[in-house]
Amino acid sequence: MTASPFDHPFLSGLLGDDEIAPYFSAEADIRAMLSFEAALARAEAAHGLIPAEAARRIAEICAAFSADLHRLRAATARDGVVVPELIKQLRAKVGEEAAKSLHLGATSQDVIDTSLMIRLKAVVFLFTGRLSAIVAGLDGLDRRFGRNRLMGHTRMQSAIPISVSDRLTAWRAPLEIYRDRLTEQSFPVQFGGAAGTLDKLGPQGPAIRAALAQELGLSDCRQWQSGRLPIADIAGLFVSISGSLGKIGQDIALLAQAGGEIEIAGGGTSSAMAHKQNPVAAETLVALARFNATALSGIHQSLVHEQERSGAAWTLEWLLLPQMTMATAASLRLAGELTGNIKRLGTA
């Protein structure tokens with residue numbers, strides 16, 4: 001039993017996503033943190049801030065390092081973040097000489113936020129592909145059924161007849177916009193040091209930050225440790241995606257309720273009524289859209305990131321953003337399955 005439905009033993013069959021969940025595992029988070037430390041060492045060595053041999057040693061150890069998770073858990077309970085203990089374990093592994101060069105000029109938030117950006121960039125790439133597949137599926141439905149008729153509804157009342165193509169265009173148009181926005185989405189490195197000023201690096205700070213971003217395949221920008229717009233932006237886009245997919249789900253559920261205008265394969269069965277085929281995927285799209293819309297208010301609360309760093313607002317992000325990402329993943333998965341299961345839409 002788990003507290004989250006996204007990795008629950010059986011609820012995850014409906015709400016989970018086996019492709020996206022690993023990006024939020026402890027292992028993936030630690031790997032991305034280690035990538036940050038290795039890339040930082042290489043960038044600082046390239047600018048003469050640490051010895052090249054120390055950077056090589058740090059990168060070598062980071063590539064194969066296995067952290068003691070029990071110690072990380074106990075230390076996080078004390079420190080509020082995992083990084084101090086992780087760096088302690090790394091320093092013991094790289095040896096006394098290279099340890100002096102490890103994590104130079106960085107702070108815990110730099111490591112944690114950059115790890116998140118590395119993983120979100122990979123997730124968004126997958127989301128872009130899923131959106132493209134859904135759009136292609138809707139195009140296929142348009143070719144097959146676009147000239148069929150549907151009864152248009154306004155304010156839940158019958159209005160005038162429309163074509164299936166009219167309805168599909170309303171479904172497809174926002175998804176094309178989100179696909180393009182995901183492609184253009186920026187994933188910035190976070191590197192500000194103790195108070196966002198990169199004070200330990202002196203005048204070389206901005207150049208090292210740029211080199212670090214290049215090493216990690218992220219965009220370079222001024223530190224954002226207390227200005228959480230990158231988090232709010234991506235969360236808002238996820239909410240828009242799940243919201244538009246929820247609209248598709250709601251429309252399909254209503255079509256199924258009315259009967260006659262849609263035929264779907266793979267509906268859910270009832271324990272009490274053997275004749276029923278419940279529109280489970282469509283209903284779940286609605287629930288996920290509402291979940292994400294509700295969670296977004298919490299992300300907006302976390303924009304109140306007091307002074308140079310907030311523990312409270314930052315922790316709120318950890319509670320919300322992974323769940324929102326998983327909800328978006330499940331929405332995309334279910335929408336792809338649902339549109340692929342439509343056997344007939346509209347009437348000739």
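**Entry 1**

I began with E60, which counts as exposed at 51% relative accessibility, since exposed means over 50%. I then looked up the partner of E60 and found R57, the two side chains meeting in a salt bridge at 4.0 Å, N to O. R57 counts as partly exposed, at 29% relative accessibility. Both residues belong to helix α3 (residues 52-64), where they are 3 residues apart and so separated by about one helical turn.

**Entry 2: confidence**

I noted that this is a predicted model. The mean pLDDT of the chain is 94, and 97% of its residues reach 70 or more. I marked residues 269-276, where pLDDT stays under 50. For that stretch the model has 5 contacts beyond four places in sequence. Where pLDDT is low, the predicted coordinates should not be read in detail, and I left that stretch there.

**Entry 3: salt bridges between elements**

I searched the whole structure for salt bridges and recorded 19. One of them joins the side chains of R71 and E85, at 3.0 Å from N to O. R71 lies in helix α4 (residues 69-79) and E85 in helix α5 (residues 83-94), so this pair ties together parts that are 14 residues apart in sequence.

I next examined E263 and R344, whose closest N and O atoms are 3.8 Å apart in a salt bridge. This pair links distant parts of the chain, with E263 in strand β3 (residues 262-264) and R344 in strand β4 (residues 342-345), 81 residues apart. E263 is partly exposed at 36% relative accessibility, and R344 is partly exposed at 28%. I also noted that D17, E19 and R130 are joined into one network by salt bridges that share partners.

**Entry 4: a hairpin and a helix**

I traced strand β1 (residues 149-154) and strand β2 (residues 157-163), which pair in the antiparallel sense over 5 bridges. H153 stands opposite S158 of β2. The two strands form a hairpin with 2 residues between them, and R155 in the turn has a positive phi of about 55 degrees.

I then followed helix α10 (residues 229-258), whose 30 residues reach 43 Å from first C-alpha to last, close to the 44 Å expected. G259 follows α10 and has a positive phi, near 75 degrees.

**Entry 5: Q225**

I located Q225 in the loop between α9 (205-216) and α10. Q225 is buried, with a relative accessible area of 1%. Its side chain reaches the backbone oxygen of E308 at 3.0 Å. Beyond its neighbours within four places in sequence, the contacts of Q225 include Q109, D110, H305 and R309.

Technical notes: Residues are numbered from 1 along each chain as its sequence is written. This is a predicted model: local features need pLDDT of at least 70, side-chain atom pairs count only at pLDDT 80 or more; totals for chains, interfaces and linings use all residues. Side-chain values use heavy atoms; hydrogens and water are left out. Two strands pair if DSSP finds at least two bridges between them. Helices (H or I, at least four residues) and strands (E, at least two) are DSSP runs, numbered from the N terminus. The expected span of a helix is 1.5 Å times one less than its number of residues. pLDDT is the predictor's confidence in each residue, from 0 to 100. Contact means heavy atoms within 4.5 Å. Buried means under 20% relative accessible area, exposed over 50%, partly exposed in between (1.4 Å probe, protein chains only). A polar contact is a pair of N or O atoms within 3.5 Å; within protein, one must be able to donate a hydrogen and the other to accept it, and residues adjacent in sequence count only if both atoms are side-chain atoms.
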